Amino acid sequence: MAISNSGSVERGKTLDFLAHQGAVQCDNDPLPSSSRRFNVLSKVSKKRRKSTKEVVGEPVAVLLYFMAIAVLFLGLASCSRQTSSADQIVVGIEAEPERFDPLTMKNPKNFIVSWQIFEGLLGLDKNGQITPALAESWETSDNQVWRFRIRQGVRFHDSEMFGSQSQSRVMTVEDVVESYTAFCSSAAYPAFLLMDSIKGCAEYNAGTANVVDGVRAIDDKTLEINLIKPEPFFLNRLTTAWIAIFPREAKDSRFKDSWGFNLSVGTGPYLLKSRSDTEIVLVRNPNYWDKSQHGGIVRLTFRVIKNDQVRLAELKKGGIDMMLLPPSLFPAALDPYGSLKNDIAAKFQMKVFATFNSHLLGINDLKITDQHLRLAMSYGTNRKQIVDKFFYGYADVIGGAVPPGMSGYVPAISPETLFNLEKARDELSRSSYRGEPLELFVHEQAVSEQIGQLFQSQMKTIGINIQLTKLDFNSVIGRIVKGDAPMFSMFFDYVLSSPEPILINLFSSTKRPVPNFWQFTDPLIDSELEGLRALSHEASVEKSAEIEKEIMEQAPAIFLFRLKQVILYSKKYGELSVNPHGYFRFSELSSAES
Amino acid sequence: MLTLWCSIIIATFVLFHIIPTDPARTLLGPNAPEEQVASARQRLGLDQPPALQFFHFAFHAFKLDFGNSFIDSRPVGLEVRRKIVNTATLTVMAVLFIALYLTVQVLLQGSRKWSRICELSDFLLVSLPTLFSAVLVALTTVAYYPFTRFSGFLTSLSDFMFLIPAAFVLACYPMGILGRILRRQMHLVSGTEYVRAARARGLSENRILRRYILRNSWLPIIAAFGNQLPLLLTSTFIVEIVFSIPGIGSLLLKSVLERDLPMMEGIIIVTSLFTLMVSFALEVMYQLIDPRIRSNHVQ
């Protein structure tokens, strides 16, 4: 008899198939004896019972196996993490390191690393005052011709580019001339700092000259820089390592592919020991010229941890010793009063320093020509609400382009007078605005989108309709430069440390479309800005405040706040010094006990 | 395959050159004067007619030579080769996780209770967004996992151990999808006539599982895996960012944001070539596994 489950299947076909599989005895085959059949059946049922046990038993075995692995990992994790000693520090950074070539470096998030390797002629102390660096002194009689006495005996870091890995050489004035010439080239990102200032720089940049006329060595100790026009504020262009001095051997074709990657040679307090995409190690420069820096940090390690939450978790676990606290992590690390939460405050300390980083909402004055409308938006913006909501108070409200404190700058605009709903509505009533949406471009950086949303709701209360458009940062910049953005969210990381060049660059009509992004034009303001060149530096700083106030009365843009940087670092270190440009003086950092 | 690859090269060029963007402006920043930007455009060859640009691009693309990065002049080929090793290793480890998960599913398929648990597990794995599970796993590993430093190169055991949590996250969604398909397929096959006949013959469950059920269930799994492979590659973008792994995904994202056209083109073409090769290998595997496909092909 054939065994069939279906019953409805064609009998012959089923039998043939099953016979082929050996599953059953066909009608044509002799049946086994009953005892044999019984034995086959019992054999089958026994096997089925056994396989059921196996099936039930195996998951338990699998589970035990995974539990054993978990216990092993927990055991390994319970071993104490390797923490750095007080003469070393591990800093968590957000961005992958770019090429450390002074000509192409542009990401401010990498300056914490690169500014340990490279130096410029001048520096800035933590109070924003100019200090000598590779230039030990300077003089000018007319603010147009500047002479710098180059510090003698400064050595570049040991490098194969000087012959062997353990060889270095002394920096000469020729290195300075070649560096400044390179910074005028068309490939140099910071060329904009010098092109409208130094004679011949723009021509060299355009390729119409082979040398930069305004830069020359007078003798082996003196550099002379000739400017296009007098600038009492010229020194304030040179206070960062953006215009860094590097060896002329860097131009050699032998080092074309390695320069800026495994080969980064400067004069700074730390030299590059090793570098990968995830970690950069710097060690103390034993030949550093400034012997007054007695800090104890001999090794700096920068670990790339891109995700903010993971970086904070690594700090808490001791994987890193220091990190900059981004605004997105303020709720996780700070209490509602802006102090550190108890669990973090137990092991870490907080350092806050004011930056020259200003945030604003730009207005294209050629698209939004109605000054009353612009003033209405400016008066209707509650800057303090933005600062409190997103930055826990770690920002200063500003009404103008220049952050306070820059070269002793005191703005003439009082922050308390900036937000005034009555004035806002009054200006709006005088404007020709009839409710049409105004497009504001926001991007993914610097809390731009959230600020845009809050601004949108603030404008709604006074009757202005703001429409947000989000693009990536570079696309927004492209729209701004083309003049397609009616309003835009922007921030400036000023590398200039004086108000005069900032006002000239941002508001002079000759600087349209860049960096005068709002297309501001006022001949009276132009002549006042030019007049700053004839004053002494102190007088020009004071006069700048008056000019800035006049400019802001036309509301070319809505300046919101100046950011403060919050740093979290381990209590095993002492006081950390940071200047407003964001230069970390690790060479002066010591352990807390010393 | 060659035709497909040529189409990818053409599509890549067209796509990146119709985007309204200015790499020269991005390279020099918003403060650079227009004259300097124009000079940069000339230096980078962006001022040439599109047809000429395409000719140069295609000529070098066939040789897998994508020139230098716009941003920092590093050779694109070298950079892609370096980073693709990390991504490929991550992907292979993810595939191992998938294989392990499917093996466990096979072992547990006989029990109704465990089958329910597997269903729930599949549902969770499919439902959780990759970004969410990546951050969750990353935070957990910082707290409890001993291998949290990656040198950037796969030179030591700790580097491979570092990749394990990231590989797990990468494998989550495919595990859920393929687990579902496998269980369903095994259920279908185990109800077929020949499996019932095998049982009636008195063969052991293990033997039936190995020789009948699994062999007839693999083909849809392999086909589904082929569909999951591009998803695995695109998921590396998120996983590499969260775990700070210097791979192709994070490099592509960075290149897009910086408008580094040569780097973007290099990455897209190399990864598409890789995907095409794996798809071709899977096609060959189908024929090896299922003789019916082979005989149909011969006919």
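Helices and strands are DSSP runs, H or I of at least four residues for helices and E of at least two for strands, numbered from the N terminus. By that numbering, V447(A) sits in the loop between strand 14 (438-442) and helix 13 (448-462) of chain A. The legends below describe close-ups of a predicted model.

View 1. The loop runs between strand 14 and helix 13. Relative accessibility is 18% for V447(A). Buried means under 20%, so V447(A) counts as buried.

**View 2. Y392(A) has a positive phi as well.** Its phi is near 50°, and the residue is other than glycine. Y392(A) lies in the loop between helix 11 (383-391) and strand 13 (395-397) of chain A. The relative accessible area of Y392(A) is 25%, and the residue is partly exposed.

**View 3. Two cis peptide bonds involve P513(A) and P515(A).** R512(A) and P513(A) are joined by a cis peptide bond with omega of about -5°. The bond from V514(A) to P515(A) is cis too, with omega near 0°. P513(A) belongs to the loop between helix 15 (499-507) and helix 16 (523-531) of chain A. P515(A) is also placed in the loop between helix 15 and helix 16.

View 4. The loop lies between strand 7 (222-226) and strand 8 (270-275) of chain A. Neighbours within four places in sequence are set aside in the contact list of E231(A). That list holds N143(A), W146(A), D196(A), S197(A), R237(A) and R533(A).

**View 5. Chain B is built from 13 helices and 0 strands.** Its pattern along the sequence is α-α-α-α-α-α-α-α-α-α-α-α-α. The C-alpha atoms fill a box of roughly 85 × 60 × 35 Å along the principal axes. Of the 299 residues in chain B, 49% are buried. Contacts between residues at least 6 apart in sequence include 69% that join residues at least 24 apart. Chain B exposes about 14400 Å², and carbon and sulfur atoms supply 68% of that area.

**View 6. Helix 10 and helix 12 of chain B pack roughly antiparallel.** Helix 10 spans residues 205-243, and helix 12 spans residues 261-289. Their axes are 10 Å apart, at an angle of about 175°. Angles over 145 degrees count as roughly antiparallel, which is why this pair does. Helix 10 of chain B contributes L219(B), I222(B), A223(B), F225(B), G226(B), L229(B), P230(B) and L233(B) to the contact. Facing them in helix 12 of chain B are F274(B), T275(B), V278(B), L282(B), M285(B), Y286(B) and I289(B). The residues of this contact divide into 13 nonpolar, 2 polar and no charged.

**View 7. Helix 11 of chain B has buried residues covered by other helices.** Helix 11 covers residues 248-258. Its buried residues are I248(B), G249(B), S250(B), L251(B), L252(B) and S255(B). The cover includes helix 5 (76-108), helix 10 and helix 12 of chain B. Just after helix 11, R259(B) takes a positive phi of about 60°.

Definitions and conventions:
Residues are numbered from 1 along each chain as its sequence is written. Chains are lettered from A and ligands numbered from 1 in the order in which they are written. This is a predicted model: local features need pLDDT of at least 70, side-chain atom pairs count only at pLDDT 80 or more; totals for chains, interfaces and linings use all residues. Side-chain values use heavy atoms; hydrogens and water are left out. Axes are lines fitted to C-alpha atoms, for helices over the stretch in contact, and angles run from 0 to 180 degrees between N-to-C directions. Angles under 35 degrees count as roughly parallel, over 145 as roughly antiparallel, 65 to 115 as roughly perpendicular and the rest as oblique. Contact means heavy atoms within 4.5 Å. Ala, Val, Leu, Ile, Met, Phe, Trp, Tyr, Cys and Pro count as nonpolar, Asp, Glu, Lys and Arg as charged, and the others, Gly among them, as polar. Buried means under 20% relative accessible area, exposed over 50%, partly exposed in between (1.4 Å probe, protein chains only). Accessible areas come from the Shrake-Rupley method with a 1.4 Å probe; for residues, only the protein chains shown count as cover.
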